[in-house]
Amino acid sequence: MMRQSASMKTSKWGLVLLLAIGAVAIMACLFDPMKNIFSPQCQFRLLTGWSCPGCGVQRAFHAFTHGRIAEALSYNYFLVVSIPYALAVLVAWAMKLRGHYNRVIAEIEHPRYAKLFVGLFFVWWVVRNIYQI
């Protein structure tokens with residue numbers, strides 16, 4: 001049995017990631033969560049009546065895939081922070097898998113940014129329920 005090189009494994013994981021992102025984008029484009037009965041409902045909102053930090057993300061992705069950027073952001077403002085941060089973490093992860101590690105990746109992965117993101121996540125959770133955003 002042949003052993004796979006690190007770059008071959010990285011390429012396979014990269015392809016799997018791209019296919020998963022593509023599948024999610026296609027689903028978000030084709031199925032409107034407001035009209036599709038198969039779209040999952042927020043269990044936190046069903047139980048408490050309050051919005052969770054992720055409420056509106058499905059609708060936002062659907063609007064985004066149709067080019068309605070302002071509408072997408074209005075569904076969940078926290079996406080403005082989340083998407084760039086998530087992309088930076090994904091790029092750093094992909095670069096590390098390929099054997100590249102530099103100061104930029106080290107900075108992106110620094111715990112202070114993860115803590116800041118988690119802190120903002122909880123602040124957003126409280127603020128969106130106080131102001132009914």
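Residues are classed as buried under 20% relative accessible area, exposed over 50% and partly exposed in between (1.4 Å probe, protein chains only). The structure is a predicted model, in which local features need pLDDT of at least 70 and side-chain atom pairs count only at pLDDT 80 or more, while totals for chains, interfaces and linings use all residues. Residues are numbered from 1 along each chain as its sequence is written, and side-chain values use heavy atoms, with hydrogens and water left out.

The chain contains seven helices and zero strands (DSSP runs, numbered from the N terminus: H or I of at least four residues for helices, E of at least two for strands). The C-alpha trace spans about 55 × 35 × 30 Å along its principal axes. Of the 133 residues, 17% are buried. Among contacts (heavy atoms within 4.5 Å) with a separation of 6 or more, 52% join residues 24 or more positions apart.

Cys29 is partly exposed, at 28% relative accessibility. No disulfide (a pair of cysteine sulfur atoms within 2.5 Å) is present in the structure. Cys52 accordingly takes part in no disulfide, and its nearest cysteine sulfur, that of Cys42, lies 3.6 Å away. Cys52 is buried, with a relative accessible area of 17%.

Ser39 is located in the loop between helix H1 (6-30) and helix H2 (43-48). Its relative accessible area is 12%, so Ser39 counts as buried. Apart from neighbours within four places in sequence, Ser39 is in contact with Pro33 and Gln58.
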